[in-house]
Amino acid sequence: MPVAKRELARIERRLITTLTDACETAKEEIEGFTWLTHTADLNALAETLKVIWVFETLAERKLAQVNAKARIVELTTIALNEADIYLNLSDRNVRFDSEEECQRTHGGNWGNRLAQ
């Protein structure tokens, strides 16, 4: 049975709140990290959720993928669990990106970049 619009809105609000907490923690702990966002079809969350962790530069993104990936996955898992979303996260769900790459390939237009 489809989830009611009101419940989907509650899920989205909880997700935004918990991901915001993860973002603030990461800003204090992970060098070069600037912000995060997510995309998802809430009716098919397990199949479509992507949490995108954004770094200032490509070099900082690459360094974080080596040195902080486990922490980023942990922060993402905590945020999802606190939002009552339980998924086995993979590279499909947790993505890394940078302002530098968006500027170079999409002229800084994050809307276009995330729509791909």
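Q: Which residue's side chain does a polar contact join to that of Thr76?
A: In this predicted model, local features need pLDDT of at least 70 and side-chain atom pairs count only at pLDDT 80 or more, while totals for chains, interfaces and linings use all residues. Residues are numbered from 1 along each chain as its sequence is written, and side-chain values use heavy atoms, without hydrogens and water. A polar contact is a pair of N or O atoms within 3.5 Å; within protein, one must be able to donate a hydrogen and the other to accept it, and residues adjacent in sequence count only if both atoms are side-chain atoms. At 3.1 Å, the partner of Thr76 is Trp53.

Q: Is Thr76 buried or exposed?
A: Buried means under 20% relative accessible area, exposed over 50%, and partly exposed in between (1.4 Å probe, protein chains only). Thr76 has 0% relative accessibility, and therefore counts as buried.

Q: Within what arc do the buried residues of α5 fall?
A: The buried residues of α5 are Glu101, Cys102 and His106. They line one face of the helix, because the directions from the helix axis to their C-beta atoms fall within an arc of 100°.

Notes: Helices (H or I, at least four residues) and strands (E, at least two) are DSSP runs, numbered from the N terminus.
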